[in-house]
Amino acid sequence: MVNKTHTAVIAAHADGRVLSETWDLVAFALQLNGGRPENIEILVLGDNIDRLAEEIAGKSGIDVRAIFCTGLTGYSSEVYLSVLARELEKQADLAYVCAPHNSQGMDYAPALAARFGAACISGVNGIFLEEGTFFFQKDIYGGKIKANMVSHTATTVLTIQSGVFKLDPERQASPGGVVRTDARFAIDRTRFLGVRKGGGDCAGIAEARVVVAAGRGIGELENMEIIHRLAELFPKSAVAGTRIVCDQGWLPYNRQVGVTGMTVAPDLYVACGISGASQHVMGMRGAGFVVAINTDRQAAMFNEADICIVEDITTFIPLLLEIYQQQYNDNAVPQAPGNDTSGG
Amino acid sequence: MKILVCAKFVPDTDHLIIKESEGGKAVIGDLSEYRMNRFDEFAVEEAVRIKEQSGGVIVDVLTVGPEPSKDVLRRAMGMGADNGIHLAVRGEQYLSPMVVAAGIADYAREKDYNLILTGAMSEDMMNGQVGPMVASFSGLPCATQVILLRLSSGRRNDQSEENPDASSDWVAVYVEREIEGGNREMLEIDLPAVIAVQTGINEPRYPSLSNLLRANKQEIETIALGGDNSVLKAPEDLVSTIVPPKMRAGRHVEGSAAEKAEQLLLILHDKALIK
C-alpha cells in the first residue's frame with residue numbers, strides 16, 4: 001500500500017455556528033498525526049462561510065479550505081457528496097477523511113467512501129497504533145463489545161463519535177491559513193424545504209438534579225408508573241427515557257435522552273432497564289453519579305455506572321420503595337396511587 | 001411501483017453472552033438467538049403501509065447473509081412483503097457494508113425499483129452505511145434518519161397527462177429527517193431514491209398467521225452474493241473484539257433483592273441524594 005499522508009477534516013456547522021463536533025474532529029485528526037498539524041486540512045462548505053473559516057483556522061491552528069457554495073444555506077447530502085468528491089480527488093496523497101458521526105457525516109460519509117472505493121469506519125471512539133498500523137475502535141452489539149477495525153485501502157473514511165476526542169483548551173497554536181475557493185454545484189434531485197423546529201420544551205429534564213430514566217427493560221406502559229414513583233423519592237427530579245421508550249409512546253419525545261434527544265448532566269442518573277447503547281450514553285455521560293439497574297449482567301450500561309444492580313426493575317423498584325417507606329419515611333413521603341401527573 | 005426493502009438477520013443483543021479472555025479480548029458465547037434487525041422492521045412496515053394505501057405496489061424484501069438469514073425474509077413476508085430475495089454468503093466471516101451494498105446495488109440494477117428502504121443501522125455492527133452506499137453505487141439520491149415519509153405525485157416536467165394508476169404517478173418522496181436538537185430537515189427527493197428510516201416512523205406489526213403460511217410455501221430467490229464476478233474485496237476488517245473498559249466505578253451491589261435495595265438506599269442517603 002502506498003503510504004499516504006494527508007488528512008482531510010470536514011467541518012460541521014449549522015445555523016451559522018461551528019458545531020462542537022468540528023473541534024472533536026480536529027482533536028482526533030491531531031492524534032492521528034502525532035499532534036502535528038502540517039498534513040491536516042479542514043474543509044468548510046457553504047454559503048457565507050468567511051467568519052466560520054476564520055474561527056476554525058484561529059482556534060484549531062490548522063489550515064482551512066473554505067469552499068463557497070453560493071446558495072447552499074444548510075446541509076445537503078447531494079451537494080456535500082459532489083463537492084467533496086471533486087475537491088478530495090485533487091488530493092493525490094489523501095489518507096484519511098474525518099467526518100462527524102452526526103446527522104450530516106452519517107448521511108454523506110458512507111456514500112463518499114463508496115465513491116472512492118475507500119474503507120468506511122463509522123462511530124470511531126478509540127484509536128491505537130500497533131506495529132505501524134492504526135486500529136480504529138467502535139462500538140458493536142449495542143456497546144456490549146468494542147471492535148478493533150483496520151483499513152486495507154489507501155484512503156479511509158472515518159466518522160468520529162462526538163464527545164470522545166477533546167481539543168485541549170490550553171492548547172496554544174498560531175492560526176492556520178484560510179484558502180478560499182468557489183464550487184459550482186447543481187441540486188438536481190433533492191429539494192431542501194426548510195427545518196422544522198422541535199425541542200425547546202424539555203419538560204424540565206435539563207434542570208433536574210436527579211433524572212430517573214427508563215429503557216426497554218420497562219416492558220410495558222403500565223410499568224412506567226413505578227418509574228414515576230421512584231422519581232418522587234428525589235427532590236428536583238424528572239423522568240426521562242431512551243429512544244425506544246419514546247418510540248413506543250411510553251414517554252413524549254421531549255423526554256428522550258441521547259444523541260437524537262437531550263444531553264443531561266444531573267447529580268444522579270438512575271438508568272432503569274437501559275441497555276446502554278452509545279446513542280443513549282452520549283446524552284448522560286456528564287451525570288455526577290450513575291446507578292444502573294438491569295437484568296442483563298453484561299448490559300453496556302453497567303460500564304457507565306457507579307453502582308450496578310442486576311435485578312428486574314419491575315420487581316426491584318417496588319421493593320426499594322417499600323423498604324424506603326419502612327426505613328426512611330420520617331417525613332412521610334406520600335404514596336401516589338394513580339394520581340401521578342409527572343408523565344407530561 | 002416497486003419497493004425493495006433491505007433487512008438484516010442479527011443476533012439478539014439482549015441475549016448476547018460475552019466472556020473476557022486473557023488480554024481483555026471479548027469472546028462471544030453461543031449466538032443462538034437471532035432476529036430481524038429492529039431498525040429494519042420499521043423499513044418493512046413502511047413499505048407494507050405504502051402497499052396497503054395504494055394499489056399496484058410490489059414489495060420485495062432482500063437480505064444478505066448465511067443460510068439461516070432466510071428467516072428474516074419469512075418474517076417480512078409474514079408482515080406483508082410479496083417476495084423474498086436471499087443474497088447468500090458462506091460462513092460467518094466479517095461482512096463489509098461495502099460488499100453488502102455492492103451486492104444489493106448489483107441485484108437492484110435494471111429491476112426498476114422506485115424506492116429502496118433500509119433501517120437506520122444494524123443492531124450488531126451499528127454502522128448505518130449500507131443505505132447511503134447502495135445509493136452511491138446505484139447513482140440514486142438518498143436520505144438517512146428519516147422519521148416521516150410521504151409519496152408525492154406531480155412536479156416532474158416530463159409528466160404531462162394524468163395517470164389513472166395512483167402508484168405509478170409518484171415521482172417524488174417528501175421526507176423529514178432527524179437532525180440535532182430535536183429538529184427535522186424537510187426534503188423532497190425525486191424517485192427512484194434510497195431512504196434509510198429511523199425508529200419511531202411507524203409501529204411495526206406482528207406477522208399474520210395467514211401471511212406466514214403463504215411465506216412458508218413461497219419460493220425464495222437465492223443468489224450468491226456478488227454473483228460470478230465477486231471481485232469486491234472487503235476494504236476493511238474487524239480484527240478483534242474487546243470488552244469495553246468501565247468508564248466509572250461499576251461497583252456491583254450483591255445479595256438478595258432486599259439487601260441490594262437496602263444498600264442502594266444507604267449509598268444514596270450517604271451521598272445526600274435522598275433524605
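Reader: Which residues in H2(B) meet which in H5(B)?
Author: From H2(B) come B:Arg74, B:Met77, B:Gly78 and B:Met79, and they meet B:Asn211, B:Leu212, B:Arg214, B:Ala215 and B:Asn216 in H5(B). "Contact" here means heavy atoms within 4.5 Å. These residues split into four nonpolar, three polar and two charged. Ala, Val, Leu, Ile, Met, Phe, Trp, Tyr, Cys and Pro count as nonpolar, Asp, Glu, Lys and Arg as charged, and the others, Gly among them, as polar. Mind you, this is a predicted model, where local features need pLDDT of at least 70 and side-chain atom pairs 80 or more, while totals for chains, interfaces and linings use all residues. Residues are numbered from 1 along each chain, chains are lettered from A and ligands numbered from 1 as written, and side-chain values use heavy atoms, without hydrogens or water.

Reader: Why are H2(B) and H5(B) called oblique?
Author: Their axes come within 7 Å and cross at roughly 135°. Under 35 degrees is roughly parallel, over 145 roughly antiparallel, 65 to 115 roughly perpendicular, and the rest oblique. The two helices are therefore oblique to each other.

Reader: What makes a space a pocket?
Author: On a 1 Å grid, a pocket is an open set of points with protein on both sides within 12 Å along at least five of seven lines; its lining residues have an atom within 4 Å of a point. The second largest pocket holds about 910 Å³. Of its 45 lining residues, the closest to the centre include B:Phe9 and B:Asp124. S6(B) gives the largest share, four residues.

Note on methods
Axes are lines fitted to C-alpha atoms, for helices over the stretch in contact, and angles run from 0 to 180 degrees between N-to-C directions. On a 1 Å grid over the protein atoms alone, a cavity is a set of points where a 1.4 Å probe fits but cannot get out, and a pocket is an open set with protein on both sides within 12 Å along at least five of seven lines; lining residues have an atom within 4 Å of a point. Grid points are joined across faces, edges and corners, and a volume is the space filled by probe spheres set on the points.
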